[in-house]
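Here is a friendly walk through a structure, with the chains and some of their residues taken one topic at a time. Please have the viewer open as you read.

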Protein chains: 2
Amino acid sequence: MMPTNEQLLASFESHLAQLDVPIEPERLYAPLIYSMSGGGKRLRPMLLLLACGLYADDVRAALPAATAVEVFHNFTLLHDDIMDNALVRRGKPSVYAKWGANVAILSGDAMMICAYRLLRHTPEALLPRVMDIFSKMAAEVCEGQQYDMDFEHRPKVSVVDYMHMIELKTSVLLAGSAAIGAVIGGASEEDVRKLYRFAVELGLAFQLQDDLLDSFGAEEELGKRIGGDILEGKQTYLMVTAMSRADEEQRDVLRTTYKDATLSDDEKIARVKELYRALDVERLTEQQISVRFERALGILDTLSVPADRTTHLREFAKGLMGRKK
Amino acid sequence: MMPTNEQLLASFESHLAQLDVPIEPERLYAPLIYSMSGGGKRLRPMLLLLACGLYADDVRAALPAATAVEVFHNFTLLHDDIMDNALVRRGKPSVYAKWGANVAILSGDAMMICAYRLLRHTPEALLPRVMDIFSKMAAEVCEGQQYDMDFEHRPKVSVVDYMHMIELKTSVLLAGSAAIGAVIGGASEEDVRKLYRFAVELGLAFQLQDDLLDSFGAEEELGKRIGGDILEGKQTYLMVTAMSRADEEQRDVLRTTYKDATLSDDEKIARVKELYRALDVERLTEQQISVRFERALGILDTLSVPADRTTHLREFAKGLMGRKK
């Protein structure tokens with residue numbers, strides 16, 4: 001019997017709760033506990049366990065690796081929050097805000113090491129392969145973050161450049177998780193590659209949906225203010241798509257509105273969203289999300305497992321995309 | 001034929017020169033190249049290769065791990081320089097000074113990942129064991145750095161606390177390197193443990209010598225100003241020893257001189273050194289260095305290898321301690 005997604009999440013949380021974290025030095029390890037108990041959606045470990053579950057009825061061998069990808073993900077948040085000067089994370093003060101930059105740097109380092117320590121408890125025969133996938137993924141996540149920071153200083157970012165950046169920054173960690181799960185479950189090389197691609201496409205759809213909701217979501221359902229990306233002048237799929245379709249005058253508005261001191265926040269948001277609508281950006285983004293999502297699901301049809309084994313993974317993928325405007 | 005230390009260093013440098021580092025994103029990887037080509041003494045990889053060479057004539061299998069410990073060491077420097085606000089490293093601008101904190105954080109992260117990628121090329125049968133030693137060592141180095149930062153805000157640091165901190169911050173990386181080299185060379189568990197202890201003692205002697213030279217060295221030979229630690233009010237072996245022997249009045253002088261705005265730098269240095277002399281701190285430090293160093297060499301006598309095989313390692317250890325006042 002394949003476990004349900006709720007059962008998988010429960011076994012992950014109970015494995016995580018047993019994580020053996022030293023007590024001292026307190027300022028090194030308390031932020032790790034704080035960050036890991038902040039909840040979050042556990043997307044990466046769930047994807048890892050679900051991919052493993054396609055091939056193995058018992059996914060316990062994948063729990064250390066599942067914990068490793070979640071710890072690694074939280075490490076990236078600690079360091080990203082310093083670089084982005086982000087004071088809030090999941091509705092609570094970020095580690096950076098609560099303890100300062102030095103603690104966030106060093107605790108983050110300890111978390112990355114912790115992730116590798118966990119990973120090492122992967123069955124030994126699979127360890128070299130799993131380490132390769134993990135380290136390649138980890139390096140690419142850093143590359144994505146660097147491109148994201150580089151984009152802040154670039155006058156024009158193409159849609160292709162943007163997609164490449166979010167593939168590295170967001171998708172690769174999901175894709176590596178899926179691939180590691182598949183390897184531990186005993187998948188063929190070909191299925192491992194397919195599940196990697198599946199998660200790349202799913203991750204792109206997920207990030208684009210995130211971009212879309214930030215400008216066109218409903219505040220009550222999202223639990224945050226709409227328009228944050230616009231006010232920060234952030235490069236998003238909406239912005240780079242709009243820039244690629246705008247005329248010179250519109251581009252100028254898109255480029256400068258966020259820093260126009262004569263406008264209120266609401267006026268800035270309204271002005272940019274008006275242009276997004278004029279340039280058909282909302283519909284184009286929805287279309288791209290749908291293309292990516294369908295492509296992801298299509299890949300699942302080609303796996304060498306009975307179709308009914310993919311039910312839980314499909315359910316998970318749909319849950320991811322079900323966030324309402 | 002065992003290679004000479006010069007030959008070992010040359011094979012390490014030529015292996016390092018072949019390190020395959022991506023070109024883009026430039027701000028992520030250029031600091032890695034910059035940092036790794038900054039020279040340094042390559043103590044950790046040398047120790048790793050020398051420990052391996054005690055048991056194996058061909059140390060090539062240890063080259064990836066030797067590179068891994070050097071990359072890891074340089075990663076710690078990148079992040080430490082941010083936390084310590086250090087603008088100069090090996091006589092050149094630090095990565096932090098040259099590119100800023102964000103680049104130093106993220107490049108540092110990429111370097112740690114690079115270290116694990118290198119480590120993975122250790123012979124597969126030994127990989128789990130080598131990863132355990134490496135990750136434990138890496139975590140302890142972070143713990144040492146955290147204690148070091150914690151000490152800045154503590155009114156009194158005991159000699160025992162100080163020794164524990166430098167064991168973690170400095171010795172453990174040398175000790176882990178020696179242990180990894182021994183494992184790859186095929187040493188027994190017992191010899192691995194002994195070489196670990198050897199390098200812990202050597203590392204302590206090395207750090208204490210560093211502390212001593214900073215206050216009592218000769219500027220021309222050290223190539224830096226004497227008294228930097230005193231002016232920063234840093235906890236060093238000299239300071240914690242002096243504090244443990246001082247009366248209330250002397251303690252007050254030791255605690256406050258560095259921040260006394262009425263004194264010139266030279267006066268501050270002279271005042272603290274006068275107390276160090278009065279409290280016999282220079283001699284006590286020399287004694288401790290000598291105890292630790294002799295203990296390290298003594299351990300080498302107990303290894304299960306012919307005595308003449310340890311010649312190169314002894315030579316290396318003596319070279320480390322030979323830095324003149």
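A residue counts as buried if 20 or more other C-beta atoms lie within 10 Å of its own. Keep that cut-off in mind for what follows; note too that this is a predicted model.

Take B:A65, which sits in helix α4 (residues 63-83) of chain B. Is B:A65 buried or exposed? B:A65 has 30 other C-beta atoms within 10 Å, so it is buried. Setting aside neighbours within four places in sequence, the contacts of B:A65 are B:L48, B:L119, B:T122, B:V130, B:I180 and B:I184. For a sense of distance, B:Q235 lies 170 residues from B:A65 in sequence, and their C-alpha atoms are 33 Å apart in space.

## The nonpolar core

The largest nonpolar core holds 211 residues, and the members that touch the most others are A:A178 and B:A178. In soluble globular proteins, nonpolar side chains tend to be buried together.

Which residues does B:A178 contact, leaving aside its neighbours within four places in sequence? They are B:L47, B:L48, B:A51, B:L195, B:Y196, B:F198 and B:A199. B:L48 is also among the contacts of B:A65.

## One helix, two faces

Now look at helix α16 (residues 311-321) of chain B, where B:H312, B:L313, B:A317 and B:L320 are buried. These four span an arc of only 140° around the axis, which places them on the same side of α16(B). An α-helix has 3.6 residues a turn, so residues three or four places apart point the same way.

The buried residues of α16(B) are covered by elements including α1 (5-17), α3 (43-53), α9 (189-216) and α15 (281-301) of chain B. On the face turned away from the buried side of α16(B) are the exposed residues B:T311 and B:K318.

## How the two chains meet

Between the chains, 31 residues of chain A are in contact with 31 residues of chain B. On chain A, α2 (26-36), α4 (63-83), α6 (101-119) and α7 (127-151) each give at least two residues to the side that touches chain B. The largest share of that side, 14 residues, belongs to α7(A). Sorted by class, the side of chain A that touches chain B has 18 nonpolar, five polar and eight charged residues.

How are the copies related? Chain A superposes on chain B by a rotation of 180° with 0.0 Å of shift along its axis (RMSD 0.0 Å). That is the relation of a two-fold axis. The copies meet through the same surface, because 100% of the interface residues of chain A are also interface residues in chain B.

Technical notes
Residues are numbered from 1 along each chain as its sequence is written. Chains are lettered from A and ligands numbered from 1 in the order in which they are written. This is a predicted model: local features need pLDDT of at least 70, side-chain atom pairs count only at pLDDT 80 or more; totals for chains, interfaces and linings use all residues. Two residues are in contact if their C-beta atoms, placed from the backbone, lie within 7 Å. Ala, Val, Leu, Ile, Met, Phe, Trp, Tyr, Cys and Pro count as nonpolar, Asp, Glu, Lys and Arg as charged, and the others, Gly among them, as polar. A nonpolar core is a set of buried Ala, Val, Leu, Ile, Met, Phe, Trp, Tyr and Cys residues joined through C-beta atoms within 7 Å. A residue is buried if 20 or more other C-beta atoms lie within 10 Å of its own, exposed if 12 or fewer, and partly exposed in between; C-beta atoms are placed from the backbone. Copies are superposed by least squares on the C-alpha atoms of residues with pLDDT of at least 70 in both. The arc is that of the directions from the helix axis to the C-beta atoms.
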